[in-house]
Amino acid sequence: MECIHKSVLVDQAIQYLRCHPDGVYCDATVGLGGHAERILEVTSPDGRLIGIDLDASALAMAAERLSGFRDRLTLVQGNFKDLPSILGSYHFPLLDGVIIDAGLSSYQLEDKQRGFSFLKEGPLSMNFDVNGRERASDIINFYPEARLAEIIWMYGQERWSRRIARRIVEERAKSPIKTTGGLVRVICSAVPHLRSRRGIHPATRAFQAIRIEVNHELENLAQFLKVVWGCLKHGGRVCIISFHSLEDGIVKRHFRDFASGKDRPSAEGMVEVITKKPLRPDQEEVRRNPRSRSARMRVAEWH
Ligand SMILES: C[S@@+](CC[C@H](N)C(=O)[O-])C[C@H]1O[C@@H](n2cnc3c(N)ncnc32)[C@H](O)[C@@H]1O
């Protein structure tokens, strides 16, 4: 599965989570199980892991990869924002560490039926949960123009957001935009000077923005960062790997505000930020896995 999705910053995550045999951990975005596998290896023989993901097909692949650890592993389809209730319903004890490796996996990107890729013709879905109700096509075909422009600007930092939103609204008035290819054509017709965009495909930013909106990615992360502290033992650590500056900003702010007691005065002094600056992959990792180049990892500890 390493060839389907290369996990990022694995050694650093293991080191900063201080994984130890008989510890209790959560991989809250277990995906294809890359981080989970290493956690289970280094916590042998008694360490336990609960792996959560919204994507049932990723969980099935993780279950196969991690089958050798079956006795120490629990896999759950769910949203990490609901961590306290998930741990409660599986009678899982307080955690020594929890990791989030945010965003989508290469496996999801490559599957054209999921609609994440602007390079593959497919339905406009983009939901991490294949059975999830929200779909990119609803956003594209029903959101007001101003809201579309706002999302594409805010979550994609796309300078042509207003032109793209206007073209989407013009096109959908003729017929609904149902496929990734259809959306790519509309975006390309709205973005001038394709060659001046320093190598990135003109649909990159808008696709990212729509995916973030479909999955409420920033809200989920913010909610997780509010509730995670009550799920940790004293000395337990939270490790977040993000790929988007907005996500990294949310992590940085929440860690800082909890550490200073601004978010919850009763928590003042209870949270320590371990990584003053985010950790980044080294050159060798970026060479092996170019997707890792935008990864940033931040870690905090509950005292
Ligand atoms: C980058 S992948 C994780 C890869 C994994 N760490 C590995 O090494 O194989 C991110 C995963 O997070 C899942 N995900 C995204 N948002 C989620 C959420 N709110 N709750 C649970 N899983 C989520 C996605 O479905 C995806 O499988």
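Predicted model: local features only at pLDDT ≥ 70, side-chain atom pairs only at ≥ 80, totals over all residues.
Local features were taken at pLDDT of at least 70 and side-chain atom pairs at pLDDT 80 or more, while totals for chains, interfaces and linings use all residues. Residues are numbered from 1 along each chain as its sequence is written.

The protein divides into domain 1 (10-107 + 217-302) and domain 2 (112-215), with bounds from an automatic or database domain assignment. Their centres, taken over C-alpha atoms, are 29 Å apart. Eight residues of domain 1 contact seven of domain 2 (C-beta atoms, placed from the backbone, within 7 Å). On the domain 1 side, α3 (56-65) and α11 (217-227) each supply at least two residues. Helices (H or I, at least four residues) and strands (E, at least two) are DSSP runs, numbered from the N terminus.

Helix α7 (residues 145-156) packs on helix α10 (residues 204-215) at about 100°, with axes 8 Å apart. Axes are lines fitted to C-alpha atoms, for helices over the stretch in contact, and angles run from 0 to 180 degrees between N-to-C directions. I151, I152, Y155 and G156 of α7 meet R205, A206, Q208, A209, I212 and E213 of α10.

Strand β2 (residues 48-53) pairs with β3 in the parallel sense over five bridges. L49 stands opposite L73 in β3.

Key:
Contact = placed C-beta atoms within 7 Å. Pairing = 2+ DSSP bridges.
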